[in-house]
Amino acid sequence: MTDGVFIGLGSNLDTPEQQLRTAIGAMGELPHTRVLRSSSFYLSAPVGPGDQPDYINAVAELETTLEPEALLDALQTIEAAHGRERSVRWGARTLDLDILLFGREVTDSERLQVPHPRIGERNFVLVPLAELAPALTLPTGESLQELLKHCPRNRLQKLG
Ligand code: ROI
């Protein structure tokens, strides 16, 4: 059983808040997996091409006995069920589920890099992650608080 498995969720199409809620429900239905907690939802300005709607972002913490690649498969199945189409890189999407951290594991394969290589560049990931685990240090030795200090200040609003 691995805990400290953190998933980043994002959506900017087709009722994004609903996409995130049903995705959290679907992750809770995965075999040998529990959703321990999820962060607040945040409204965030798009990073990448600007001609797309704002995103809703959040982070959820899971515990699972799945291996990282099996979890990735399962998350991609959930994305597909939410109508995700992998066409435009950095384009609008109904649902994005990223493995941010998998306990203390470090994975660097063609399909999967953990910790997620862009955690430190994205306040829409760091801020909800810090809400769940303010004292976290990545397996690479970087502390979340240090990353937060240097992170670009993209527009981000915590929703009530
Ligand atoms: N921008 C924001 N604000 N939130 C996201 O989840 C997000 N996801 C992406 C890109 C297109 C990079 N931009 C994003 O994949």
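Author: In this predicted model, a backbone N or O atom of Ala 45 lies 2.7 Å from a nitrogen atom of the ligand. A pair of N or O atoms within 3.5 Å is read as a polar contact. The protein covers 96% of the 350 Å² of accessible area that the ligand has on its own.

Reader: Which residues are around the ligand, and how do they divide into nonpolar, polar and charged?

Author: A shell is read by listing its residues and then sorting them by type. Here the list is Gly 10, Ser 44, Ala 45, Pro 46, Val 47, Tyr 55, Asn 57, Trp 90, Arg 93, Asp 96, Arg 122 and Phe 124. The shell contains 6 nonpolar, 3 polar and 3 charged residues.

Reader: How should I read a nonpolar core, and which residues have the most contacts inside the largest one?

Author: In soluble globular proteins, nonpolar side chains tend to be buried together. In this model the largest nonpolar core has 25 residues, and those with the most contacts inside it are Ile 7, Leu 9, Met 27, Leu 71, Leu 97 and Ile 99. At least two residues of this core come from each of β1 (2–11), α1 (16–28), β4 (55–64), α2 (68–81) and β5 (96–102). The largest share, 5 residues, is supplied by α2.

Reader: Why is helix α3 described as largely enclosed by the rest of the structure?

Author: A residue is called buried when its relative accessible area is under 20%. In α3 (residues 123–132), 8 of the 10 residues are buried, so the helix is largely enclosed by the rest of the structure. The buried residues are Asn 123, Phe 124, Val 125, Leu 126, Pro 128, Leu 129, Ala 130 and Leu 132.

Reader: Is Thr 33 buried or exposed, and which residues does Thr 33 touch?

Author: Thr 33 lies in strand β2 (residues 33–38). Its relative accessible area is 7%, so Thr 33 is buried. Leaving aside residues up to four places away in sequence, Thr 33 touches Met 27, Gly 28, Leu 62, Glu 63, Thr 64 and Leu 66. A polar atom of the Thr 33 side chain lies 2.8 Å from the backbone oxygen of Pro 31.

Reader: What should I look for in the backbone of the loops?

Author: In the loop between β1 and α1, Asp 14 has a positive phi of about 55° although it is not a glycine. Thr 15 is found in the loop between β1 and α1, and its phi is also positive, near 50°. Asp 14 is exposed, with a relative accessible area of 53%, and Thr 15 counts as exposed at 57%.

Reader: Where is Pro 115 placed, and what is the peptide bond from Val 114 to Pro 115?

Author: Pro 115 is in the loop between β7 (113–114) and α3. The peptide bond from Val 114 to Pro 115 is cis, with omega near -5°.

Terms used: Residues numbered from 1 in each chain as written. Predicted model: local features only at pLDDT ≥ 70, side-chain atom pairs only at ≥ 80, totals over all residues. Heavy atoms only, no water. Buried < 20%, exposed > 50% of the residue type's maximum accessible area, 1.4 Å probe, protein only. Helix = DSSP H or I, 4+ residues; strand = E, 2+ residues; numbered from the N terminus. Polar contact = N/O pair within 3.5 Å; in protein donor to acceptor, adjacent residues only side chain to side chain. Contact = heavy atoms within 4.5 Å. Near = heavy atom within 4 Å. Areas by Shrake-Rupley, 256 points an atom, 1.4 Å probe, with all protein chains shown as cover. Nonpolar A, V, L, I, M, F, W, Y, C, P; charged D, E, K, R; others polar. Core = buried A, V, L, I, M, F, W, Y, C linked by side-chain atoms within 4.5 Å.
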